[in-house]
Amino acid sequence: MVKKLFSGGYVILILLILYAPIMLLVAYSFNMSREIGIWSDEWGFSLYGELIRNEDIMMTVANTFILAIVSSVLSSVLGTIGAIGMFYSKQRARKALNGITQIPIINAEIVTAISIALVCTMFAFGRSYASLLIGHVVLTFPFVVLSVMPKLKQMDNNLYEAALDLGATPTKALFTVIIPEILPGILSGFLLAINLSLDDYIITTFTKPATFDTISTYVFDAYARGGKSSSVPALRALSTIIFIFMILFVVIRYVISNRKAAKKERK
Amino acid sequence: MKTLRFSRKHLGIPYALFLALFVVFPLLLIILYAFTKVDPNGYITLSGVKVSITFENFIEFFSKSSNIRVLFISFGLAIVTTALCLVISYPLAYILAKSKLNKNGVLLLLFILPMWINFVLRTAAMKELLFAIGMYSTNRLSFVNTVIGMVYDYLPFTIMPLYTVMIKLDKSLIEASADLGAKPASTFLRVTLPLTVPGIVSAVTMVLLPTTTSYVVSDTLGNGNVTIIGKVIESQFSTVFNWHAGSAIAMVLLVIIFITMWVTNKFTDDDGGSARGNGLW
């Protein structure tokens, strides 16, 4: 009994610590105080109004999501091509390609970031949207490869051979047989890529054009260089909105995947 | 003549090209920059600047005592953070894996959820909290604050792999150990702990490296008193503008990373890289 109480208490304590900073931002997003720690008498949604009227932040949010989606789509295409090409190559080529694919995962982000900055300077397109895209693709494509690979291993190889025997061209067989089989892997790789791209600070800051900001770089500048507290209280409202969306997203995903699992069990 | 027909493995060619251009070549470029310096009389031209070959960048880095201090701070910070993360998440993962409340991983989900909020935003929230309780204002606590922030940010990354190992743990082994007369402590040390080593190794690799190099947390929470190795590289590139010196430090890091990877690969027969982001989906 004591043991149970103790372990329950421990779980709750860690949860409280994990959520305390976020809850603080959520609470203060409804308070007009300029500085967190001192309550103001004014409560309400005015920070949310400030957020919507702040064109810089709105632009930043749009930038972040567009970049995440575009780079993740590119990563998914590249990662899928890579995984298929690698999987059906001779063992030596496969091992070499697989090893190189792991490099961006193992490597420190700062090293990847400067290496891409160096290459982009060398090819004379400097810091532009192109270099930013390349940076994010390099950051995320290995994870697409990692999620597609197991699906290829599970796939029945006879299906492809059968399609060829029945007269399909290799290209057609690829799109009608292989791709549908590995689609779940591509999708989960895509979502992982989006998550990594949304979260990234270091690669973004080294490859982005000077006037371009994502949520990460904007918040970093507002906090790390902005003294004790953020110079932009509207960011609290932004954090709250992001938090609520994330909860919704994760819960919906969780419910869907549980339903699927339940259906499988019934079968 | 045989006509070239498309087959699946040809997809590897554009992929290999991309890897060569944007993964391998950039790293070679770092090595090239590390061993050169700007020299008007140089005979090599690199991105339009004349350079000559030299070891100076490395000598300069290792001869500065401030740099050695930074190395010690980086590794100290990383080791303390990793150890704390393990100490906190090991029992937690154990409780979660055994708990009846954690049906279908609902409880686990609660611990993973904060990972979905932007990393920088999460760190900023921690700064507000530390400021509100008065810990941020004293300079003496800068190191402690940075450790708190890092543990807070990376805790989910250690809970995940430990939980994954523990949920697969064969209970009959623990029961057998107890039946054969082992005390709970020795059962833990001789059965449970060795069986969870793969989880520990993958947790360590996920936390150790980013905490050594990612300067987001130390910049936000360190109040300017905590400089880590990643920050030194950053400042060489964006404030000092000495790309050669910055590349040399990056190369030192690269060597350390590959040695660590080689060592940890000896401990796990897992195909390595799946560490980061594993289990998120």
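## Around Asp39(B)

Set aside the neighbours within four places in sequence, and Asp39(B) is in contact with Lys50(B), Val51(B) and Ser52(B). This is a predicted model, so read each distance here as computed from predicted coordinates. Asp39(B) sits in the loop between strand E1 (36-38) and strand E2 (44-46) of chain B.

As for Val49(B), 10 residues separate it from Asp39(B) in sequence, and the C-alpha to C-alpha gap between the two is 8.2 Å.

## Where chain A meets chain B

Now for the interface. Chain B puts 84 residues into the contact and chain A puts in 91. Between them the two chains bury about 8,100 Å², and carbon and sulfur atoms give 77% of that area.

On the polar side of things, seven residue pairs are in polar contact across the interface, counting pairs with both residues at pLDDT 80 or more. On the side of chain B that touches chain A, helix H1(B) gives the largest share, with 16 residues. Sorted by class, that side of chain B has 58 nonpolar, 15 polar and 11 charged residues.

## The H3(A) and H1(B) crossing

Two packed helices are described by the angle between their axes and the distance between the axes. Here the axes of helix H3 (residues 55-87) of chain A and helix H1 (residues 12-34) of chain B come within 8 Å and cross at roughly 120 degrees. The crossing of these two, H3(A) and H1(B), is left-handed.

Which residues meet there? From H3(A) they are Leu78(A), Ile81(A), Gly82(A), Gly85(A) and Met86(A), and their partners in H1(B) are Gly12(B), Pro14(B), Tyr15(B) and Phe18(B). By class, the contact of H3(A) with H1(B) has six nonpolar residues, three polar ones and no charged ones.

Side chains of opposite charge can pair when their charged atoms come close.

The partners are Asp199(A) and Arg122(B), with their closest N and O atoms 3.9 Å apart. Asp199(A) lies in helix H8 (residues 170-199) of chain A and Arg122(B) in helix H5 (residues 119-132) of chain B, so this pair joins two chains.

Notes. Residues are numbered from 1 along each chain as its sequence is written. Chains are lettered from A and ligands numbered from 1 in the order in which they are written. This is a predicted model: local features need pLDDT of at least 70, side-chain atom pairs count only at pLDDT 80 or more; totals for chains, interfaces and linings use all residues. Side-chain values use heavy atoms; hydrogens and water are left out. Axes are lines fitted to C-alpha atoms, for helices over the stretch in contact, and angles run from 0 to 180 degrees between N-to-C directions. Helices (H or I, at least four residues) and strands (E, at least two) are DSSP runs, numbered from the N terminus. A crossing is left-handed if the near helix is turned anticlockwise from the far one by less than a right angle, and right-handed if clockwise. Contact means heavy atoms within 4.5 Å. Ala, Val, Leu, Ile, Met, Phe, Trp, Tyr, Cys and Pro count as nonpolar, Asp, Glu, Lys and Arg as charged, and the others, Gly among them, as polar. Buried area is the accessible area (1.4 Å probe) that two parts lose on being put together, summed over both. A polar contact is a pair of N or O atoms within 3.5 Å; within protein, one must be able to donate a hydrogen and the other to accept it, and residues adjacent in sequence count only if both atoms are side-chain atoms. A salt bridge is a side-chain nitrogen of Lys or Arg within 4 Å of a carboxyl oxygen of Asp or Glu.
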